[in-house]
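User: I would like to learn how to read a protein model, one feature at a time. Please take me through this one.

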Amino acid sequence: MSEYSNPLPSSSTSKGSSEQSDRANGIHAPSSVLPLKRAKLNSGEDSIRNNFGTPLQTRVASPCTLNPPIDFDGLSWPSQGARSRIEQTPEEAKARELRIAGAVKTILSELGEDVDREGLLETPERYARAMLFFTKGYEDNIRDVIKRAVFEENHDEMVIVRDIEIYSLCEHHLVPFFGKAHIAYIPNKRVLGLSKLARLAEMYARRFQVQERLTKQIAMALSEILKPRGVAVVLEATHMCMVSRGVQKTGSSTTTSCMLGCFRDQQKTREEFLTLLGRH
Ligand SMILES: [Zn+2]
């Protein structure tokens with residue numbers, strides 16, 4: 001595990017010919033590029049696209065494209081306050097919970113509820129604890145998640161774990177989205193204990209997410225940990241913000257995928273994966 005004790009070079013996750021296209025998407029853009037990019041944005045450049053081919057109107061600063069998958073201390077794309085949550089004393093944790101509960105009380109009374117009626121009495125504290133649980137993935141350390149489950153193994157066939165249950169929170173509406181993740185990789189002399197694939201998915205799901213980023217983070221982290229020949233992640237999820245409000249398309253689900261390395265470069269590998277998933 002000593003390899004995780006040092007900062008990892010930001011370009012090390014992209015493998016083979018996927019590296020160039022990842023760069024083109026701004027993934028792991030070296031930090032020295034960023035000020036230049038901002039300067040260009042601020043200079044009123046009238047071209048509608050920047051160096052990365054991204055339309056200027058879109059927000060490119062997704063944490064998983066600007067930062068390496070694993071930080072110097074083993075955290076992976078932590079939230080701004082993740083380290084203060086990890087380092088807090090029990091008293092500080094209690095104070096945090098009470099502050100969240102206070103805010104929830106405000107929401108309830110603004111919604112017209114009587115916060116003193118019996119059914120709601122302990123709801124704010126309960127909700128605070130639930131939210132801390134739903135977002136606990138920010139605090140997870142890759143070293144603890146992986147433990148000693150990376151093995152040297154001369155296996156070079158596709159490994160697939162299907163139907164990993166996922167529960168996450170949509171960061172736009174703070175309501176759940178949930179479904180199944182399918183994770184595959186083709187090893188390059190190293191394999192990961194199978195249950196760790198589910199742990200990895202859980203680590204990124206227990207955060208505020210968009211499904212696309214969750215998919216990408218699982219794939220990029222696995223790629224960083226194992227340096228495999230390729231990684232593929234497919235996520236199928238139902239979003240409560242979509243099925244329970246607005247258009248109310250009950251039963252609709254969203255599928256996202258992220259293919260890296262040989263899954264991206266080789267159609268045959270990709271097709272084998274999709275066939276094994278029963279999608280072809
Ligand atoms: Zn939403």
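User: Is K147 exposed or buried, and how many other C-beta atoms are within 10 Å?

Analyst: Bear in mind that this is a predicted model. K147 has 11 other C-beta atoms within 10 Å, so K147 is exposed.

User: Where is K147 found?

Analyst: K147 is in the loop between helix 7 and strand 1, which covers 150-152. The backbone of K147 deserves a look as well: its phi is near 45°, a positive value, and K147 is not a glycine.

User: Does W77 count as buried or exposed?

Analyst: W77 counts as buried, because it has 23 C-beta neighbours inside 10 Å. For the protein as a whole, 30% of the 280 residues count as buried.

User: How many helices and strands are there in the protein?

Analyst: The protein has 12 helices and 7 strands. A further question is how far along the chain the contacts reach.

User: Which residues have the most contacts inside the largest nonpolar core?

Analyst: To read a core, find its members and then ask which elements supply them. The largest nonpolar core here has 40 residues, and I183, A201, I218, L222 and V233 have the most contacts inside it. The elements that give two or more residues to this core include strand 2 (159-170), strand 3 (176-186), helix 8 (194-205), helix 9 (211-226) and strand 6 (230-239). Helix 9 gives the most, with 8 residues.

User: What does V233 touch, not counting residues up to four places away in sequence?

Analyst: With those sequence neighbours left out, V233 touches A181, I183, T215, I218, A219, S257 and C258.

User: At what angle do helix 8 and helix 9 pack?

Analyst: A helix pair is read from the angle between the two axes, the distance between them and the residues that meet. Helix 8 and helix 9 pack at an angle of about 135°, and their axes are 9 Å apart. The two helices are therefore oblique to each other. Their crossing is right-handed. Helix 8 brings L200, A201, Y204 and A205 to the contact, while helix 9 brings L214, Q217, I218, A221 and L222. Sorted by class, this contact has 8 nonpolar residues, 1 polar residue and no charged residues.

User: How do the axes of helix 5 and helix 6 cross, and within what distance do they come?

Analyst: The axes of helix 5 (residues 90-110) and helix 6 (residues 123-134) come within 8 Å and cross at roughly 120°. That angle makes helix 5 oblique to helix 6. This crossing is right-handed. E97, I100, A101, V104 and K105 of helix 5 meet P124, E125, Y127, A128, R129, M131 and L132 of helix 6. By class, the contact has 8 nonpolar, no polar and 4 charged residues.

User: Which residues does A101 touch, not counting those up to four places away in sequence?

Analyst: A101 touches P124, E125 and A128. The C-alpha atoms of A101 and Y127 are separated by 7.2 Å, and these residues are 26 apart along the chain. A101 counts as partly exposed because it has 19 C-beta neighbours inside 10 Å.

User: Where does M259 lie, and what is in contact with M259 beyond its neighbours within four places in sequence?

Analyst: M259 lies in strand 7. Beyond those neighbours, M259 is in contact with A232, R264 and R270. M259 has 20 other C-beta atoms within 10 Å, so it is buried.

User: What about T256: which element holds it?

Analyst: T256 has its place in strand 7. With 18 C-beta neighbours inside 10 Å, T256 counts as partly exposed. T256 touches Q211, E212, T215 and L235, if residues up to four places away in sequence are not counted.

Methods: Residues are numbered from 1 along each chain as its sequence is written. This is a predicted model: local features need pLDDT of at least 70, side-chain atom pairs count only at pLDDT 80 or more; totals for chains, interfaces and linings use all residues. A nonpolar core is a set of buried Ala, Val, Leu, Ile, Met, Phe, Trp, Tyr and Cys residues joined through C-beta atoms within 7 Å. A residue is buried if 20 or more other C-beta atoms lie within 10 Å of its own, exposed if 12 or fewer, and partly exposed in between; C-beta atoms are placed from the backbone. Helices (H or I, at least four residues) and strands (E, at least two) are DSSP runs, numbered from the N terminus. Two residues are in contact if their C-beta atoms, placed from the backbone, lie within 7 Å. Axes are lines fitted to C-alpha atoms, for helices over the stretch in contact, and angles run from 0 to 180 degrees between N-to-C directions. Angles under 35 degrees count as roughly parallel, over 145 as roughly antiparallel, 65 to 115 as roughly perpendicular and the rest as oblique. A crossing is left-handed if the near helix is turned anticlockwise from the far one by less than a right angle, and right-handed if clockwise. Ala, Val, Leu, Ile, Met, Phe, Trp, Tyr, Cys and Pro count as nonpolar, Asp, Glu, Lys and Arg as charged, and the others, Gly among them, as polar.
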